[in-house]
Amino acid sequence: MPRQRWYAAKGRRPHLRYVASWDVPTSESGVRVRTVLVTDDGTLPAVTYQVPLVARATASVPSALGPHVIGHPDPGTTLIDGPHDPAYATALLALVTSGGVAHGRHTTATGHTVSSAHATAAADAHTSSVLTGEQSNTSIRYGFDGDASPVICKLYRQVHHGRNPDIELNVALSEARSPHVPRAVGWVEGDWPDPTPSDPAGTGSLAFAQQYFPDVEDAWRVALRAAAGGDDFGGAAFDLGAATADVHRSLAHVFPVREAAPVDRAALREAWQRRLSTAVAEVGPLGQARRAIEAVYDRALDVDWPALQRIHGDYHLGQVILVPGRGWVLLDFEGEPLRPMPERVRPDLALRDVAGMLRSFDYVAGSVRLDHPDRANAVREWAAIARRSFLSGYADRAGTRTTLAGPLLDALELDKAVYEAIYESRSRPAWIVIPLRAIERLIADATPDLPPEGAQSASSSSASS
Ligand SMILES: Nc1ncnc2c1ncn2[C@@H]1O[C@H](COP(=O)(O)OP(=O)(O)O)[C@@H](O)[C@H]1O
Ligand SMILES: [Mg+2]
């Protein structure tokens with residue numbers, strides 16, 4: 001587990017406790033497919049992981065599975081990392097596309113089919129492969145012989161009781177016929193005892209399958225190339241802004257919307273302050289900026305807020321793809337992985353997503369600049385155009401009543417940059433200049449018309465990048 005990308009407590013030794021397990025039937029003889037839930041007590045709060053395993057007679061292990069062998073529980077038996085083994089991939093797909101229940105110790109896993117289109121295809125020949133690249137979960141891609149479109153099934157590695165918002169929001173948007181999400185195919189949920197005594201048992205999401213768009217890169221890579229090559233991204237950013245506004249509108253239509261109450265403001269102020277205190281303690285240069293950052297937060301708490309609604313919650317260029325013939329498609333509605341699940345499903349400020357994407361443009365520019373310091377001006381301009389275009393696209397679709405730029409957006413962007421400063425100082429110190437520069441710029445831009453005596457904010461306030 002410590003060597004896996006999805007293991008959250010990097011560099012620490014897991015301290016595992018068995019929670020539950022279930023077997024899914026497989027037609028291959030001598031093969032057993034078991035999924036285990038284990039709680040890692042080595043972290044606070046404890047995290048429960050989903051770990052699918054396949055046991056095979058050692059003599060029958062195909063050589064392609066060599067890199068995914070976990071070990072030998074007894075002589076003659078080999079244990080394999082499940083998602084890479086076709087026996088597991090097939091069993092998971094069957095559970096999703098044709099429903100069914102898998103029973104086990106302390107648990108059951110149940111498949112729910114949204115679209116029956118894949119049931120027959122899945123029963124026929126298919127190929128499966130695990131998605132490579134940075135991922136906090138594990139996704140398996142399926143291709144079919146006939147004309148059924150490919151499917152991607154995401155297996156949640158950290159599991160929580162309650163419906164995962166990734167499924168909840170995608171299914172609702174699919175049903176509302178939004179063109180901006182992949183069609184839902186089905187999901188798996190399970191019952192298991194909660195590892196903490198406060199909540200004895202419950203149902204939670206285990207996997208989610210949706211339509212897969214093959215050969216489409218996520219927008220982070222596309223934007224990175226565009227920024228490095230000096231290619232225009234304004235049109236794409238405008239359309240992305242419009243698609244974002246569309247999705248927000250659909251979410252506001254399908255899920256409850258409510259006015260922000262004083263407790264919401266208090267909660268946000270507390271979250272901002274908590275994050276800022278951590279950042280100031282860990283990132284030396286931020287000490288001097290603290291007062292100015294707090295002034296931006298204060299202004300945001302003073303203005304009117306738009307109504308709260310369901311949002312994406314972890315919005316950046318790695319979560320969107322530009323699909324030829326279809327336009328922008330949003331992925332991964334799971335929310336910010338480090339926030340507790342009950343917080344992630346609460347109505348929130350749609351501007352939080354806007355702020356997330358704006359920070360993502362700045363990150364593209366910042367990372368190109370790290371590699372090519374001589375192109376600082378060009379990438380700054382690239383990001384400024386992406387930013388302006390995204391905001392215009394959003395405003396265009398959301399209607400004129402929505403104010404975007406203003407103290408609230410400033411504060412949300414600033415808070416995001418403060419979070420990034422903590423993250424980079426812990427794991428990628430060479431990148432910390434990106435959020436630090438952004439914090440400086442955001443403070444300068446947000447400074448009200450009358451600068452304190454001697455301050456040189458007049459020129460910086462016009463630099464919108
Ligand atoms: N339906 C899809 N079609 C095409 N690519 C996808 C699809 N779903 C995910 N991907 C690719 O896989 C990556 C990771 O997916 P994501 O759902 O964000 O997983 P995680 O929860 O692990 O972050 C995305 O950035 C995208 O490149
Ligand atoms: Mg993601």
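Mentor: Before we start, one term: two residues are in contact if their C-beta atoms, placed from the backbone, lie within 7 Å. Among contacts in the protein chain between residues at least 6 apart in sequence, 65% join residues at least 24 apart.

Trainee: What kind of model is this?

Mentor: This is a predicted model, in which local features need pLDDT of at least 70 and side-chain atom pairs count only at pLDDT 80 or more, while totals for chains, interfaces and linings use all residues. Residues are numbered from 1 along each chain as its sequence is written, and chains are lettered from A and ligands numbered from 1 in the order in which they are written.

Trainee: How many helices and strands does the protein chain have?

Mentor: The protein chain has 13 helices and 14 strands, where helices (H or I, at least four residues) and strands (E, at least two) are DSSP runs numbered from the N terminus.

Trainee: And what is the radius of gyration of the protein chain?

Mentor: The protein chain has 24 Å, which agrees with the value near 23 Å that a compact globule of 465 residues would have; the radius is taken over C-alpha atoms, and the globule rule is 2.2 Å times the number of residues to the power 0.38. Along the principal axes, the C-alpha atoms fill a box of roughly 80 × 45 × 45 Å.

Trainee: What percentage of the residues is buried?

Mentor: Buried residues make up 39% of the 465 in the protein chain. A residue is buried if 20 or more other C-beta atoms lie within 10 Å of its own, exposed if 12 or fewer, and partly exposed in between, with C-beta atoms placed from the backbone.

Trainee: Switching to helix packing, at what angle do α5 and α10 cross?

Mentor: Helix α5 (residues 234–254) and helix α10 (residues 376–398) cross at roughly 35 degrees, and their axes come within 7 Å. Axes are lines fitted to C-alpha atoms, for helices over the stretch in contact, and angles run from 0 to 180 degrees between N-to-C directions. The contact includes A237, F238, L240 and G241 of α5, along with I385, S389, F390 and Y394 of α10. By class, the contact of α5 with α10 has 11 nonpolar, 6 polar and 4 charged residues; Ala, Val, Leu, Ile, Met, Phe, Trp, Tyr, Cys and Pro count as nonpolar, Asp, Glu, Lys and Arg as charged, and the others, Gly among them, as polar.

Trainee: Is the crossing of α5 and α10 left-handed or right-handed?

Mentor: The crossing of α5 and α10 is right-handed, whereas α6 passes α11 in a left-handed crossing. A crossing is left-handed if the near helix is turned anticlockwise from the far one by less than a right angle, and right-handed if clockwise.

Trainee: How far apart are the axes of α6 and α11?

Mentor: The axes of α6 (residues 262–282) and α11 (residues 407–427) are 9 Å apart, and the two helices pack at an angle of about 35 degrees. The contact of α6 with α11 has 7 nonpolar, 2 polar and 3 charged residues.

Trainee: Back to F390, is F390 buried or exposed?

Mentor: F390 is buried, because 26 other C-beta atoms lie within 10 Å. Leaving out residues up to four places away in sequence, F390 touches A237, F238, L240, G241, M357 and L358.

Trainee: Which residues are the closest to ligand 1?

Mentor: The closest are Q135, N137, F213, D218 and D332, out of 20 residues that surround ligand 1, where a residue counts as near a molecule or strand if its C-beta atom, placed from the backbone, lies within 6 Å of it. The elements that give two or more residues to this shell are β10 (151–155) and β12 (201–211), and by class the shell has 8 nonpolar, 8 polar and 4 charged residues.

Trainee: What is phi of D332?

Mentor: Phi of D332 is near 60 degrees, a positive value in a residue other than glycine. D332 lies in the loop between β14 (327–330) and α8 (341–344), and D332 counts as buried because there are 23 C-beta neighbours inside 10 Å.

Trainee: And where is D215 found?

Mentor: D215 is in the loop between β12 and α4 (219–229). Phi of D215 is also positive, near 60 degrees, but D215 counts as exposed because there are 6 C-beta neighbours inside 10 Å.

Trainee: Last one: which residues does a cis peptide bond join?

Mentor: A cis peptide bond joins L44 and P45, with omega about -5 degrees, and P45 is in the loop between β2 (31–40) and β3 (47–57).
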